[in-house]
Amino acid sequence: MSALTQQVRALLAQMPADPHGAPLVRRAGAAGVLSVPVAGMELCREETAAALFEVYSDEYGLPCMTTDTLYDLLGAAVFELGPAGLLEVTEAFSELESAEFPEVGVCRWYAYRLAVSFWYEGARSRPMTAGEAAAALYLSDHARIAGASSADPRHLARHVRQGAGWAPTAALLRLGSAVSADLARVPDPRGDGGWLYRRLMPDRQRARRCFDLIRSSTPVPLPLIVRTDAGDYLTGATPPPGPGNRWARPLRAEW
């Protein structure tokens, strides 16, 4: 392990660790599948996407739309459609190809986002951002000189998990925002991750390599970021892939 990694780990050791309370518990309705609880029903992803498609408009494609806003739209659509109407629109929606109709693909990703949000009891969760994953990969033992196995999805996923385990999740979130701000020009509203970024990720070329690997066409399985009802942040499980057998890797945190 390099001297740089030893220094990084020493700095991380000085930060408050993740809380060690009761373990995260999968929501009962989500056992084995990704589903969304709404109006007393458990909707599968395709039903969720079909309902959202009924109320979709271009304004809902804005990146600042919150998961709560999405959920409110879903609730309104389900109320309007009713069980019979939902079945009908789902059958029609399932015939549509995401590649042919971009808004169909958007709704399927929205449905995935809602489903992973309800993964745990007493918490909300979201996909790890590309910046957070790149920061975790940087902090891991991932090869500092890219080798033949560097782009293997399982190799990358293992090292993302390793790096995320070394860093308190709250610190990883700040690092991720700073990485995206520096390497993708995504505004960081809080702007409080710059100091950590400069101290923990001083090798900008390595940071860029890690970021590019996460943003590449390689479908890297990424874990969830979890916010408990008590306000604590944790790194969760790795969910099933989303549409196109890919994991989400947004540039912005999608709460």
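Helices here are DSSP runs of H or I with at least four residues, numbered from the N terminus. By that count, Tyr197 lies in helix α8, which spans residues 194–200. The model is predicted.

- Tyr197 has a relative accessible area of 9%, so it counts as buried, the cut-off being under 20%.
- Beyond its neighbours within four places in sequence, Tyr197 is in contact with Leu175, Ala178, Val179, Asp182, Leu183, Pro202 and Ala207.
- Ala178, one of these partners, is 19 residues from Tyr197 in sequence, and the two C-alpha atoms are 6.3 Å apart.

**Packing of α5 on α7**
- Helix α5 (residues 130–139) packs with helix α7 (residues 169–183) at an angle of about 110°, and their axes are 7 Å apart.
- The two helices are therefore roughly perpendicular, a class that covers 65 to 115 degrees.
- From α5, the contact uses Gly131, Glu132, Ala134, Ala135, Ala136 and Leu139; from α7, it uses Leu172, Leu173, Leu175, Gly176, Val179 and Ser180.
- Eight of the residues in this contact are nonpolar, three are polar and one is charged.

**Cavities**
- Four cavities of 30 Å³ or more are found in the structure.
- The largest cavity holds about 40 Å³ of space.
- Its lining consists of Tyr112, Pro127, Met128, Leu222, Pro223, Leu224, Pro239, Trp247 and Ala248.
- The lining of the largest cavity comprises nine nonpolar residues, with no polar and no charged ones.

Conventions: Residues are numbered from 1 along each chain as its sequence is written. This is a predicted model: local features need pLDDT of at least 70, side-chain atom pairs count only at pLDDT 80 or more; totals for chains, interfaces and linings use all residues. Side-chain values use heavy atoms; hydrogens and water are left out. Axes are lines fitted to C-alpha atoms, for helices over the stretch in contact, and angles run from 0 to 180 degrees between N-to-C directions. Angles under 35 degrees count as roughly parallel, over 145 as roughly antiparallel, 65 to 115 as roughly perpendicular and the rest as oblique. Contact means heavy atoms within 4.5 Å. Ala, Val, Leu, Ile, Met, Phe, Trp, Tyr, Cys and Pro count as nonpolar, Asp, Glu, Lys and Arg as charged, and the others, Gly among them, as polar. Buried means under 20% relative accessible area, exposed over 50%, partly exposed in between (1.4 Å probe, protein chains only). On a 1 Å grid over the protein atoms alone, a cavity is a set of points where a 1.4 Å probe fits but cannot get out, and a pocket is an open set with protein on both sides within 12 Å along at least five of seven lines; lining residues have an atom within 4 Å of a point. Grid points are joined across faces, edges and corners, and a volume is the space filled by probe spheres set on the points.
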